[in-house]
Amino acid sequence: MSLHKLTGVIRVAPRAAAMQLLPQRNYTSHNAKSDHEAHFKHLALSTPKPFVFHVELNRPSKLNSLSREMWIEIKECFEHLAINPDCRAIVLTGAGKHFCAGIDLTSMMSMGQIMAETDDVARKGIVLERTIKLYQDSISSVERCPKPVIMAVHKGCIGAGVDLITVADIRYSTQDAFFQVKEVDIGMAADVGSLQRLPKVIGSQSLARELCFTGRRFEAAEAQHCGLVSRTFDDKEAMLSGALALAEEIASKSPIAVQTTKESMVYSLEHTNQEGLDHIRLINKLHLQSEDFAQAVAAQLTKDEKPVFAKL
């Protein structure tokens, strides 16, 4: 687009018009509670920064191991945040001693009792298939959520915890964090995402298969070296501060630009470069006409204050 045409676009959407939108923005205050917070038993939600949601795995007495109820809550939570106009970035952490100890084995035993109610193999299989699909959809809801998700991991991240973090957009950890694809040690193959996503995240089939075949523990330094996490911090407090600062910066950008960027990058993971280019071209022929684009470019050209974008 030429500078002459771009200037014309900017004149159509002057910054004065953008400022008129400010009374409608209704930033969520630091101490405000989400209207869905009371709905969740094992997740704690807060809004520590404008347009930033903090989701905390909140089952510390069980080391945040994932029960069936918790799987369902994660899916419901991220499906809600996906369409919440007050949410532009999400930080996910774990309460208590560890980030996540994996799947709740007690919950698995309960499923075994349900299967024992019938001797028919086909009917047992249907129970298992529905449960696995529920858990897969729970993890995938994070990937489908258009808002960038930052996972901040401390101490143990085991089994289903690895499934959960591999679906994040950005991963931070404390220096004392450790990780294990643990499923092989309980006699099963991981079935909710690690085998599919971990090799892509770290970019090494060899290392991914070593970790998944052995279930060995690997520390934060190795996780950062292989790309599973992008930054490590001295302690949980420093990590949370860093994650929230990053989320706040992301939330200050155009929500159209950020969410389209995530959509294109997720799409391109499973498609050729040309398919990815076709996909973003189709989206941008609409989105380049948005007021966000005009306001952001105007701010760059005039060296003005950061633009304030309308809710999406």
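**View 1. Tyr-172 is buried, with a relative accessible area of 6%.** Buried denotes under 20% relative accessible area, exposed over 50% and partly exposed in between, with a 1.4 Å probe and protein chains only. Phe-233 is likewise buried, at 9%. The ring centres of Tyr-172 and Phe-233 are 5.2 Å apart and the planes meet at 50°, so the pair is tilted. Rings of Phe, Tyr and Trp (its six-membered ring) pair if their centres lie within 6.5 Å; planes under 30 degrees apart are stacked, over 60 edge-to-face, and the rest tilted. The charged end of Arg-231 sits over the ring of Tyr-172, 5.6 Å from its centre; this requires CZ of Arg or NZ of Lys within 6 Å of the ring centre and within 35 degrees of the ring normal.

The model is predicted: local features need pLDDT of at least 70 and side-chain atom pairs pLDDT 80 or more, whereas totals for chains, interfaces and linings use all residues. Residues are numbered from 1 along each chain as its sequence is written, and side-chain values use heavy atoms, without hydrogens and water.

**View 2. Trp-71 and Tyr-135 form a stacked aromatic pair.** Their centres are 4.4 Å apart, with 10° between the planes. Trp-71 belongs to helix α3 (residues 68-83) and Tyr-135 to helix α5 (residues 121-144), 64 residues apart. Helices (H or I, at least four residues) and strands (E, at least two) are DSSP runs, numbered from the N terminus. Trp-71 is buried at 1% relative accessible area, and Tyr-135 at 10%.

**View 3. Arg-88 lies over the face of Phe-51.** The distance to the ring centre is 3.8 Å.
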